[in-house]
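Please keep the sequence and the model in view while reading.

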Amino acid sequence: MKSVLVIGSTGQIGSELTMVLRRKLGGANVVAGYIQGAEPKGELLESGPHEIVDVRDAARIAEIVSNYKIDTIYNLAALLSAVAERKPLMAWDIQLNGLLAILEVAREKGCAVFTPSSIGSFGPETPRKGTPQDTIQRPRSMYGVTKVATELLSDYYFNKFRVDTRSVRFPGLISNVTLPGGGTTDYAVEIYYAAVKGEEFVCPIAAGTFMDMMYMPDALKAAIDIMEADPSKLKHRNSFNIASMSFEPEMLRAKILEYIPEFKMRYEVDPVRQAIADSWPDMMDDSCAREEWGWKPSYDLDSMTRDMIESLRKRFG
Ligand code: VAH
């Protein structure tokens, strides 16, 4: 991986992944792709090239790939689960027509492609605890349907055209840089902001609802490590289970109280996000990722909480 295009570079994952890649490969070698209305700002704008690109525009993607001699495309353009339920046709268009455009360019130009999947690709029939790498995937949400289709299409392009597609199934991602936009797991980010600002947190997910979660530094490490893995060792490609922690809102409240004893929280369950969360597994089995490319998380609930609170306190005083 020497020259990278990040499509969706100003989103929750893209805004941090682009900066990590620029520190690793050199600013000039990582192009930040963005869309009108989501322009890069600050360090993301000043630390390297940026190009406006709609994920569905194959000609524009091909032009950028040629101009910058891109060898790897990170495809991070997507509507998250709750928004995708409100705009299912747009979610399908961005996630699948966008992926097809990228895969066709990658096939012609010889690029590797990373497109994340998610715990959202599983459904109510999927085993909830120790969710296997290869198991039933019948999601009920449009987000999940797009993620399963993404996995299948990416594997098809590898098997049929030898396009180097690779992917991980992300848990809910928690970060202190860019707020997520409309996901079911967003509560696990927003709670920290409320706690640090001294505001009561209104939790939209019911107590007892376990979901896989992961701190962003571990997610970024996974997204880079898998693309640098020895391809001869990969028995799977799209898409690897990766896990680090599983918790429910009461566990998160208790952990925050250890650091902020005055923290207050109450529940107002959002039926749309609760129905999605209820259909997702509690904790994935990530043994294949550990065996095939050395996946290993660094953060747990305690170390993530400490780092989140320290980082947000620096930002908000
Ligand atoms: C969402 N944060 O909630 C995303 C993610 C595993 C969850 O896909 O939609």
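Lys264 counts as exposed because its relative accessibility is 52%, where exposed means over 50% relative accessible area, buried under 20% and partly exposed in between, with a 1.4 Å probe and protein chains only. The model is a predicted one, in which local features need pLDDT of at least 70 and side-chain atom pairs count only at pLDDT 80 or more, while totals for chains, interfaces and linings use all residues. Residues are numbered from 1 along each chain as its sequence is written, and side-chain values use heavy atoms, with hydrogens and water left out.

Lys264 sits in the loop that runs between helix 9 (249–259) and strand 15 (265–267); helices (H or I, at least four residues) and strands (E, at least two) are DSSP runs numbered from the N terminus. Apart from neighbours within four places in sequence, Lys264 is in contact with Glu199, Glu200 and Phe201, contact meaning heavy atoms within 4.5 Å. From Ser3, Lys264 is separated by 261 residues in sequence and by 46 Å in space, C-alpha to C-alpha.

Ser279 lies in helix 10 (residues 271–279) and counts as buried because its relative accessibility is 9%; leaving aside neighbours within four places in sequence, Ser279 is in contact with Phe122, Gly123, Pro124 and Arg128. Ile276, also found in helix 10, counts as buried at 5% relative accessibility, and its contacts, with neighbours within four places again left aside, are Ser81, Ala82, Glu85, Ser141 and Thr184. Ile276 and Gly183 are 93 residues apart in sequence, yet their C-alpha atoms are 9.8 Å apart in space.

Two helix pairs are listed below; axes are lines fitted to C-alpha atoms, for helices over the stretch in contact, and angles run from 0 to 180 degrees between N-to-C directions.

| Helix pair | Angle | Axes |
|---|---|---|
| Helix 7 and helix 12 (residues 301–316) | about 55° | 10 Å apart |
| Helix 1 (residues 14–25) and helix 8 (residues 216–228) | roughly 55° | within 10 Å |

Helix 7 is thus oblique to helix 12, and helix 1 and helix 8 are likewise oblique to each other, since angles under 35 degrees count as roughly parallel, over 145 as roughly antiparallel, 65 to 115 as roughly perpendicular and the rest as oblique. In the contact of helix 1 with helix 8, Glu16, Leu17, Val20, Leu21 and Lys24 of helix 1 meet Met216, Leu220, Ala223, Ile224 and Glu228 of helix 8. Residues of helix 7 that meet helix 12 are Tyr192, Tyr193, Val196 and Lys197, and their partners include Leu301, Met304, Met308 and Phe316.

The largest nonpolar core has 64 residues, and those with the most contacts inside it are Ile61, Ile174, Tyr187, Tyr192 and Phe247; such a core is a set of buried Ala, Val, Leu, Ile, Met, Phe, Trp, Tyr and Cys residues joined through side-chain atoms within 4.5 Å. Helix 7 (residues 187–197) supplies the largest share of this core, nine residues. A second, separate core has 31 residues, among them Val4, Phe170, Ala229 and Ala289. In soluble globular proteins, nonpolar side chains tend to be buried together.
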